[in-house]
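Biologist: I'd like to learn how to read a protein model. Could you walk me through one, please?

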Amino acid sequence: MTRLLVADDHAMVRDGLAAILDAEPDLDVVGTAADGAEALAAARRLRPDVVLMDVRMPGVDGIEATRAVVTAGLARVLVLTTFDLDEYVYEAVRAGASGFLLKDAPRERLAEAVRAVARGDMLVDPAVTRRLVERFARPVRREDGRLASLTAREREVLVEIGRGLTNTEIADRLFVGESTVKTHVSSLLRKLGLRDRVQAVILAYECGLVSPGE
């Protein structure tokens, strides 16, 4: 059972998310918060596995709250974002967020995102990924010499990361075990000198391994 805290300053959104997620048999919403300060206090008190965190909240915003939660080792954080808030995504990465999801994501995508973050995956919604790439990736499409260090399978995994897939989704697509995918992800990040999956996504686009709109 994954313990979950939902933080959003809009009561209807907060209650709706909590109801959707609490209906899942393996997810338990242990609390809610209306701003970042409440989220931090609730995380300290309730010790959830994952905090679903809105970025734009009054007082202590989601970025500051994410940094405090992660620094204290209280929980993993899945950030909720919208297209007009892309500038927050990199700040959330620096703050230690484990994933990003659009507020209008389908119910099943939301639940799976929480599960992925709880498992330790770094998750970026494909739609957010495309916007990130459009804004931050260089338009030059050229082969990066570092890719030569990858095995054929690691290169395949990098392509799927670039498409925004989770480890579970990559395993299903490539017909391998999830533990095998995790091994490949760790190996390719190390070989390419990348910090996390967000950097891997951008590299995949810059090198032309993935095209906008995929």
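Biologist: Which share of the contacts between residues at least 6 apart in sequence joins residues at least 24 apart?

Modeller: A contact means heavy atoms within 4.5 Å. Among contacts here between residues at least 6 apart in sequence, 68% link residues at least 24 apart. This is a predicted model, where local features need pLDDT of at least 70 and side-chain atom pairs count only at pLDDT 80 or more, while totals for chains, interfaces and linings use all residues. Residues are numbered from 1 along each chain as its sequence is written, and side-chain values use heavy atoms, leaving out hydrogens and water.

Biologist: How many helices and strands are there?

Modeller: Helices (H or I, at least four residues) and strands (E, at least two) are DSSP runs, numbered from the N terminus. The protein has 10 helices and 6 strands.

Biologist: And what percentage of the residues is buried?

Modeller: Buried means under 20% relative accessible area, exposed over 50%, and partly exposed in between, with a 1.4 Å probe and protein chains only. Of the 214 residues, 52% are buried. Helix H10, residues 197-206, is mostly covered, with 9 of its 10 residues buried. Among them are Val198, Leu203 and Tyr205. Glycine 208 follows H10 and has a positive phi, near 80 degrees.

Biologist: Where does UniProt place the modified residue?

Modeller: UniProt positions follow the numbering used here, with shortened feature names, and annotations may be inferred rather than shown by experiment. An unreviewed UniProt entry lists "modified residue: 4-aspartylphosphate" at Asp54. Aspartate 54 lies in strand S3, residues 50-54.

Biologist: Is Aspartate 54 buried or exposed?

Modeller: Aspartate 54 counts as buried because its relative accessible area is 2%. Leaving aside residues up to four places away in sequence, Aspartate 54 touches Ala7, Asp8, Asp9, Gly62, Leu80 and Lys103.
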